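Please have a look at the sequence and the 3D view first, and then read on.

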Amino acid sequence: MLTANVKKKGACNMNTTALLFMIITELVITGLTFYFFFKVLFMKPKVNVNEDSYFDNNETN
Amino acid sequence: MNTNKEAWGSRVGLILAMAGNAVGLGNFLRFPVQAVQNGGGAFIIPYLVCFLLMGIPLLFIEWSIGRYGGQFGHHTTPFTFNRMGRGSLWKYIGVFGIFSNIAIAAYYCYIESWTMSYVYHSASGTFKGLDQIGVASFFDNYLDIFTSTTCIPYETVIFFVFCLVLNTWILSKGLSGGVEKVAKIGMPLLIIFGIFLAVKAIFLKAGTDGAINDGTVGLNFLWTPQYTSLTNPKVWLAAAGQIFFTLSLGQGSVQCYASYVNKKDDIALNAMSAGWMNEFVEVVLGSAIIIPISIGYLGIDKVIELTSSGGLGLGFRTLPYLFQQWGDILSVMAGVAFFGLLFLAGITSSLAMGTPTMSFFMDEFKWKRSKAAWGFGVMVLILGLPTVLFFQKGVFDEYDYWAGTVSLVVFAMLESVLFAWVFGLKKGWSEITAGADIKVPIVFRYIIKYITPVILILVFFSSLIRPAKDDWSKISLKGWELHHESIIAQLRHDHIGPNKSYFADNFYAETSGIVDSVYSDESYNYISIKKEDGKTKTFSTSKDNIVLVQENDIVNTGDAIFSGRFINNVFYIDMSRLLLLSLFLLISLMVFIAYRKRKKEGSL
């Protein structure tokens with residue numbers, strides 16, 4: 001039963017396994033999310049900006 | 001000549017729109033409930049394994065199929081598949097990529113309209129002073145279109161139509177002018193709302209504001225791993241299913257968004273960025289809101305009972321009451337933040353569902369953007385009204401099962417076979433890596449070729465023959481009892497019970513037990529039957545029909561309990577299936593007409 005490890009009150013209501021599971025999973029997911037998103041944000045376009053898919057990049061005369 | 005001139009405004013806009021497509025109501029309502037029901041923290045292991053072996057490969061497949069089709073002016077799957085498969089049947093498999101979107105939008109917009117309505121009711125203080133039963137009854141009354149919860153008559157229908165018109169209007173503004181703008185505002189706002197609620201939930205203190213547990217008790221409950229669940233096929237199937245829903249795979253919307261990406265531009269990094277952003281919202285934020293708050297106030301046993309019927313009930317029937325415990329101002333803020341967050345998650349997904357249909361009309365029939373958007377809106381209205389009017393008759397569940405579950409698995413399975421084995425992985429891998437801003441690990445080449453199609457075939461066949469009580473040891477050559485949610489059992493109406501005819505003069509008890517109470521209100525007669533396990537099941541019918549039992553009578557399944565004139569749920573269920581089938585055939589016919597047109601023009 002899941003409830004076996006639950007403390008009703010106290011300084012820390014999470015057992016070590018649950019806490020580790022949560023922290024490791026969330027750190028990995030958050031880290032990868034930010035890593036890929038920042039990579040996109042700071043990646044320079046490889047092709048001529050007027051030829052890429054995004055018209056906000058187009059240079060106007 | 002292709003007149004479809006849609007384009008994305010910026011790369012970040014595309015990623016936020018794609019992440020918004022994936023982030024939906026399921027991230028907050030479905031994922032935590034699935035985790036609770038399937039081994040707590042241990043659920044995350046099969047979930048992440050399925051993400052790596054099925055989610056990421058399918059993201060690569062769908063992004064590259066989309067960009068490949070876009071090079072030839074195909075923005076939807078029928079003609080992209082036709083080009084990839086070089087066979088007459090593939091374009092009809094591609095029909096799923098339009099069909100699923102329309103059918104899912106039909107019931108998804110309805111849930112979205114609930115969230116919109118609950119934002120209004122939270123802000124206007126409707127829930128103030130209501131007890132827990134009052135808040136739950138509010139939801140039940142809301143779903144009954146003839147019972148107005150406010151002074152607005154037919155409120156449910158009005159909110160649904162308003163929500164659909166809003167979606168259609170945004171779609172008519174195009175990708176960069178509508179969809180992308182909503183994603184750029186909606187996604188950051190959703191994350192801010194999510195962080196606000198997660199912080200409030202985690203720091204919930206027992207004894208404060210009526211809470212009986214700390215917020216961390218809920219987190220402990222959710223994250224404590226039950227390793228034995230890892231050997232249960234049910235848990236793996238649930239994890240694979242969750243990955244489908246959460247990433248909007250097998251639907252055709254990812255391919256459509258990606259078809260507007262230039263062939264020289266990256267898709268690999270885009271796919272990873274959008275995919276992981278969805279995981280962040282689901283695992284980090286989704287797990288930290290609904291379960292910690294509800295366990296904080298209701299306790300673990302009550303939450304287990306509430307989650308057995310899914311996350312929708314917990315979110316709409318319970319949370320508004322729990323937010324009331326935080327005081328006047330915070331409860332309004334929390335209600336607006338939670339239902340606003342659900343609304344934003346919903347609308348960014350429903351907009352993605354509209355884009356393939358619009359693109360199909362624009363590509364194949366040269367419709368203008370605005371006409372295409374309103375065409376989609378009308379189709380969703382026609383298909384969606386039955387879910388609103390006959391929600392309690394099972395129409396909503398039928399749409400969700402056939403369009404929102406089975407179709408996705410079938411489509412993704414065939415799509416992965418097409419990509420890896422028919423189109424060929426040599427060409428497929430070139431498509432994935434062309435213009436890539438990251439080095440895609442070579443291991444994905446083998447995963448895409450062998451592992452992903454095998455997993456998808458297994459998921460499909462398991463859904464087809466799923467055994468009762470998910471006891472896979474019962475599978476034998478002599479046959480076995482099927483789970484009522486298995487595809488074969490659904491087709492055979494195994495779950496219907498004794499009321500199997502469309503029209504009847506008697507209504508038969510669908511459970512055995514003792515009649516607990518017989519009562520009536522202005523419009524309905526009710527019979528509550530107490531089952532052997534102590535739970536009660538209530539049956540209701542119009543007041544014109546006669547009650548045939550009394551309190552304390554013993555009834556068995558199949559005994560007549562009402563007499564009069566009845567239209568049984570099976571009628572509505574079969575009509576919904578007929579509607580869905582008609583939609584699929586209608587789109588297939590349009591694809592056939594467009595194919596002949598293209599052949600004549602030599603533009604295939």
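In this predicted model, V547(B) stands opposite F562(B), a residue of strand β7(B). The two strands concerned, β5(B) and β7(B), pair in the antiparallel sense over two bridges. On another stretch of β7(B), F566(B) has A504(B) standing opposite. Here β7, which covers residues 560–567 of chain B, is joined to β1(B) by five bridges, and the two run antiparallel.

Put together, these strands give an open sheet of three strands in chain B, ordered β1-β7-β5 and paired antiparallel. Why does one side of β1 and of β5 in chain B lack a neighbour in the sheet? Both β1 (503–508) and β5 (546–547) stand at the edges and each has a single partner strand, so one side of each is left without a neighbour.

Chain B also holds an open sheet of four strands, in the order β4-β3-β2-β6, again with antiparallel pairing. Its edge strands are β4 (536–542) and β6 (554–555) of chain B, each of which pairs on one side only. As background, strands of a sheet pair through backbone hydrogen bonds, either parallel or antiparallel.

We can follow this second sheet from strand to strand. Strand β3, residues 524–530 of chain B, pairs with β4(B) in the antiparallel sense, with seven bridges between them; within that pairing, I527(B) has F539(B) of β4(B) as its bridge partner. A hairpin of three residues links β2(B) to β3(B). Finally, β2, made of residues 513–520 of chain B, is joined to β6(B) by two bridges, also running antiparallel, with V555(B) in β6(B) as the bridge partner of G513(B).

| Strand pair | Bridges | Sense |
|---|---|---|
| β1(B) and β7(B) | five bridges | antiparallel |
| β5(B) and β7(B) | two bridges | antiparallel |
| β3(B) and β4(B) | seven bridges | antiparallel |
| β2(B) and β6(B) | two bridges | antiparallel |

Let's step back to the whole chain.

Now for the meeting of the two chains. On the chain A side 37 residues are in contact with 49 residues of chain B. The size of an interface is often given as the accessible area lost when the parts come together. Between chain A and chain B, the buried area is about 3,900 Å², and carbon and sulfur atoms give 69% of that. The side of chain A that touches chain B divides into 17 nonpolar, 11 polar and nine charged residues. How many salt bridges are counted between chain A and chain B? The count is zero. Polar contact between chain A and chain B, by comparison, is counted for three residue pairs, with both residues at pLDDT 80 or more.

Conventions
Residues numbered from 1 in each chain as written. Chains lettered and ligands numbered in written order. Predicted model: local features only at pLDDT ≥ 70, side-chain atom pairs only at ≥ 80, totals over all residues. Heavy atoms only, no water. Pairing = 2+ DSSP bridges. Contact = heavy atoms within 4.5 Å. Buried area = accessible area lost by both parts, 1.4 Å probe. Salt bridge = Lys/Arg side-chain N within 4 Å of Asp/Glu carboxyl O. Polar contact = N/O pair within 3.5 Å; in protein donor to acceptor, adjacent residues only side chain to side chain. Nonpolar A, V, L, I, M, F, W, Y, C, P; charged D, E, K, R; others polar.
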